[in-house]
Amino acid sequence: MDSSNNIEGRRRHQRTPSQVELNEFKALTKLDASSQLKKELDKLLLTAPQNEVETIRTEFNGFEKLFQRYLCPDDSDFKWTNIEPLPKEAIVSYGNIVNNSLSYENIRANLNKLIVIKLNGGLGTSMGCKGPKSTITVRDDLTFLDLIIRQLENINLAYNVNVPLVLMNSFNTDEETNKVINKYNHIKVKIYTFNQSRYPRVDKENLLPIAKSAAFDSDVESWYPPGHGDLYESFYNSGLLKMFLNEGKEYVFVSNSDNLGATVDMNILNFLLNPPNSNKSPEFLMEVTDKTRADVKGGTLINYQGKLRLLEIAQVPKENVDEFKSVSKFKIFNTNNLWINLKAIERVIEEETLHMEIIVNNKTTDKGVNVIQLETASGAAIKNFDGAVGINVPRSRFLPVKTTSDLMLIMSNLYTQKKGLLEMNPKRSFPSVPLVKLGSGFAKVNEFLKRFGSIPDCLELDHLTVSGDVTFGKSVALRGTVIIIANHGDRIDIPAGSILENKIVSGNLRILDH
């Protein structure tokens, strides 16, 4: 018999698996992946230092829950067409909560119920610096941490209170941060620290941890901090949450350590503790601000299935990304300045009702292994709290330093600094922040500083783009829109004292001393 007939006969007898069978196969595969992961985690636990076993076991339990949700996603029903307009009461205008009649005693009573948490898990590697990002010098020879502590010390002295500062470190920043904070012992700010979890990176192919030992010092690259959404569990597990509740604290103000605009705001605190018209206090408040061209990728608040939710660009279908970036449809974005009720945090942890969307972060190790990191964002917890609201705050409360482009503006005369507070220079005639894009030659702080004789005058600057090998002499003034492009192999030296107003500089410009 012809072999081709045999093949055709076998094809006729083959049966296409039903959808039910495919689902059962997928379920078994996921069950197997989950079981294998647990075995590997149990093996890793056996290698843990004795004094860390309980901490690591707790972290592994948290990772297993996150991994289970990754295998069986429950957010897959998100549909772009189901996004509804935000209810009018969902976003409060900051102007409507300003209370100029607050007395000294009112403010003091409110402050006694507050703690401040700064998210301090990040390193300064993106700007070419070693150690915690919060220890980078940003203004007047002061670091992020110096400025944060000055702000709080000023409040504590002015109102005779003791608002504590709590730093959420990662295993990357903990040791160095604890060394640095020793220098603040004489300052009237109590400083506490706790660590966010340490989770194992898993191989993208077999979904198993790449770590060989739980003694992570021997292989730091096999571990990662799982994003600032880990704040709630780690804060609870540290014992600090219970301690502050016992002290009568009610709210925590959470923000990124690199956001220099995230200061304690008396109006927001009073709105939470003494809501208007005897309303119930919101358990969760997210500061949002108006979106500009520089913020089109920032997460935004949406109304979804009757709940306020944070929508990140990673959750948006590709065909809707342009719509998401639109300033006309999504007019606000999340600053990651959050105010949260402490008892509510305790409740959602103990009742196990805390739920945040998983962010899958794909990485490649130095050894070339493709791994995944499962992370969460703290703002995504908003849907788990009662009476959650957004508040549209002035842009001045969002002043992050993510790049040297941001750093240039912070170091310039665009801002003034007093007692740790940065404010827009009153001499600037309009409130918007210039859009600055510095090229790759400026990306690392050391290189950035070498390229400026002094930071230019930016009071009248709208937009600056710099590309290629460019240096600035002392006392340069930039006004309007300035574009400076040095072609490959060319160099442009902007002479000291130059005033560039609405100029395009290109080619090769170099003035040498003789």
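Ser475 sits in the loop between strand E23 (469-472) and strand E24 (477-486), where helices (H or I, at least four residues) and strands (E, at least two) are DSSP runs numbered from the N terminus. Although Ser475 is not a glycine, its phi is positive, at about 60 degrees. Ser475 counts as exposed because its relative accessibility is 56%, given that buried means under 20% relative accessible area, exposed over 50%, and partly exposed in between (1.4 Å probe, protein chains only). The model is predicted, so that local features need pLDDT of at least 70 and side-chain atom pairs count only at pLDDT 80 or more, while totals for chains, interfaces and linings use all residues. Residues are numbered from 1 along each chain as its sequence is written, and side-chain values use heavy atoms, with hydrogens and water left out.

Gln305, in the loop between strand E13 (300-304) and strand E14 (307-311), is a residue other than glycine with a positive phi, near 55 degrees. Gln305 counts as exposed because its relative accessibility is 54%.

The loop between strand E10 (223-224) and helix H7 (231-238) holds His228, at which UniProt, in an unreviewed entry, places the feature "binding site"; UniProt positions are given in the numbering used here, feature names are shortened, and annotations may be inferred rather than shown by experiment. His228 is partly exposed because its relative accessible area is 27%. Leaving aside neighbours within four places in sequence, His228 is in contact (heavy atoms within 4.5 Å) with Leu119, Met168, Asn256, Asn336, Thr376, Ala377 and Ser378.
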